[in-house]
Amino acid sequence: MISFLWLVPLFPFVGSFLLIVAGRSLPKKMVAWIGTGSVGAAALIVMAIGVEFMLSPADIYVQPVWHWFNAGGLTTDFALHLDALSMIFIFVITFVGFLIHVFSVEFMAGDDGFARYFAYLNLFVCSMLLLVLADNLVMLYLGWEGVGLCSYLLIGFWYKEKQNGYAARKAFIITRVGDTAMAIGLFLLFSIFNTLNIQEIASEATQTWTNGAQMAVIVALLLLGGAVGKSAQLPLQNWLPDAMAGPSPVSALIHAATMVTAGVYLIARMHVIFELAPVARMAVGVVGAVTLLLAGCSALTQFDLKRVLAYSTISQIGYMFLALGAGAWYAAVFHFMIHAFFKALLFLAAGVVIEAQHHEHNMFRMGGLKDKLPFVYWTFLIGSASLAALPLVTAGFYSKDQIVWLSFAGEHGNSLFFTAALLGAFLTSIYTARMVILTFHGESKTPVGRRPGMHMTVPLGILALLSIAGGFIELPHTFGHITLLSDFLAPVLPSTLLRNGVESSEWIVQVIAGVVALSGVYVGYVLYLARPGLHERIRLQLPAVHQLWYAGWGFDVLYETLFVKPFVWLATVNRNDIIDKVYEGLASLSIALHRTFAASQSGVMRWYVLGIVFGAIVIITLGLLI
């Protein structure tokens, strides 16, 4: 089945192409079959390939599809690269993506842009698959920009509303900043190694650069620039909360299985360069640690249910960056997979809630849905428990516990990373409890409208099951040394070395992490259920802090002041410069000549005859003289 790897990105691409060309003329049922079936077929092939790949002795499988181009010394093939890392990513992309497509069939049923929606969604999945299966950085960059384009199209899907177009442009422009840094990094890599093949770069880098080499640090930091843009990390994180303007399944796809995890994949894939650049690797960890704390604080103050989840995504991706910076490579990938399960579940369930509440997003205007939407409540509660990392019973505990443990005990871990991981876990538990209590408990403030059907509830049930059981593929060492995922990733990612004398303290860290998670849930319970007036008194006593956190720490205002307003001012001042005068002069000359020649078209026959005679005389005279 591995030989059919090329079909995995092809099926979503064909589905997108068919829907773009003929989608408007097809019945909605056919559109749903094409859009959902193409991703479902890709998921089935991935599962079959996964079984064969795990039984195969080969660690890497490369499938050339065609020779792409040869220009300026750069020879590039359109080739697919499959190893343990890309295997995990394509499984999550296709499987979770398929569930989101199934959910969308019912969620978007009444929308006029039904075919356009599935065309964009298919192209999104195809782009992400190309990104993670790329054998070279040119093809990876093609997928990288593809997901950027699709995110723009999907965030601004309901383009008739002005704020949706603004959110789409904001996401596109801010991520372009990181993409520019990444492109410069690729230029440097080609100038040094004369290739952009990932495996060749990884092999030659260890021979060309010594540990801490300046050029390795520069390239790694440029790649980090691309990663922070796509994965919404500090300082380019402020586009993601506004990306909630798109439909809820789009939010699930962007946050769980595709775009925002691209930066995590890039750093993990190029881990050789980051290992040769300790400064850059430490910068990855610092970015992740600071981001997870800032986003966690902002999530505590949001009223919009989807914005809480958006800041939660920023924070959880921060955990993955922290793990990468601490050298806990497989822990970051593990948390990526589990996060995809529970975050897709939460966004889809949030979409059901918002639809049932007549498109109300404010959690303080919800409440009382526990008994009115019982299935949605229990699935949302399972996803929330996994997000809060409730100990022993949720997958999120096992994935986040690995990061907390290795940030303390790993060779590249430190007390700052460990403290940030614990404090972030505490904040996560508080805002998660707050979200569940405000949405589902208390008195009902808005009547329930649309209720979910099977197309919505089945994906929620599957994702809820994975949000519980998914963590057991990688039990902590103290539970029997079962490390299936880390063993699977061992041929691709380096193992995490522990500092001397810390092995016996793993269970202590696990207990601390569990207590922190439960304490956060208890604080949320006290503030928003047991003593509901207390949180309002705290907010009134700290209005400036609340406003700062609510505004995302003021990054929008900062960038508006530093970049947008100066650019607009310069554009205004420069409107009538000498260059513009030249082009304005050309335009004025063209208009004047047009008016002159137009005057000759008077419609009077004798003037036309006179003009012909005059022209003939001139031509004959010139002929005689010359």
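**Entry 1: a pair in helix 3**

I started with Phe91 and Phe95, which both sit in helix 3 (residues 84–107), four residues apart, or about one turn of the helix. This is a predicted model, so I read everything here as computed. I reminded myself that an α-helix has 3.6 residues a turn, so residues three or four places apart point the same way. Next I ran a search of the whole structure for aromatic pairs, and 27 came back. Buried or exposed, what is phenylalanine 95? Phenylalanine 95 is buried, because its relative accessible area of 16% falls under the 20% cut-off. Phenylalanine 91 comes out at 27% relative accessibility, so I logged it as partly exposed.

**Entry 2: a pair across loops**

I then looked up Phe303 and Phe364, an edge-to-face pair with 5.3 Å between centres and 90 degrees between the planes. This pair links distant parts of the chain, 61 residues apart. Phenylalanine 303 is in the loop between helix 12 (278–299) and helix 13 (305–325), while phenylalanine 364 is in the loop between helix 14 (329–356) and helix 15 (369–372).

I checked the span of helix 4 (residues 114–133): its 20 residues reach 29 Å from first C-alpha to last, close to the expected 28 Å. Helix 4 is mostly covered, with 18 of its 20 residues buried. I also found one aromatic cluster made of Phe114, Tyr117, Phe118, Tyr120, Phe157 and Trp158. Phenylalanine 157 has a charge over its ring too: the charged end of arginine 116 sits 4.2 Å from the ring centre. I noted arginine 176 as well, with its charged end over the ring of phenylalanine 172, 4.2 Å from the centre.

Most residues other than glycine have a negative phi, and most peptide bonds are trans. So I went after exceptions. Where is proline 235? I found proline 235 in the loop between helix 8 (214–230) and helix 9 (248–257), and the bond to it from leucine 234 is cis, omega near 5 degrees.

Histidine 358 has a positive phi of about 60 degrees without being a glycine. Histidine 358 lies in the loop between helix 14 and helix 15 and, at 48% relative accessibility, counts as partly exposed.

Alanine 389 also shows a positive phi of about 60 degrees. I placed alanine 389 in the loop between helix 16 (374–387) and helix 17 (395–409), and at 7% relative accessibility it is buried.

Key:
Residues numbered from 1 in each chain as written. Predicted model: local features only at pLDDT ≥ 70, side-chain atom pairs only at ≥ 80, totals over all residues. Heavy atoms only, no water. Helix = DSSP H or I, 4+ residues; strand = E, 2+ residues; numbered from the N terminus. Expected span 1.5 Å × (residues − 1). Buried < 20%, exposed > 50% of the residue type's maximum accessible area, 1.4 Å probe, protein only. Phe/Tyr/Trp six-rings, centres within 6.5 Å; stacked < 30°, edge-to-face > 60°. Lys NZ or Arg CZ within 6 Å of the ring centre and 35° of its normal.
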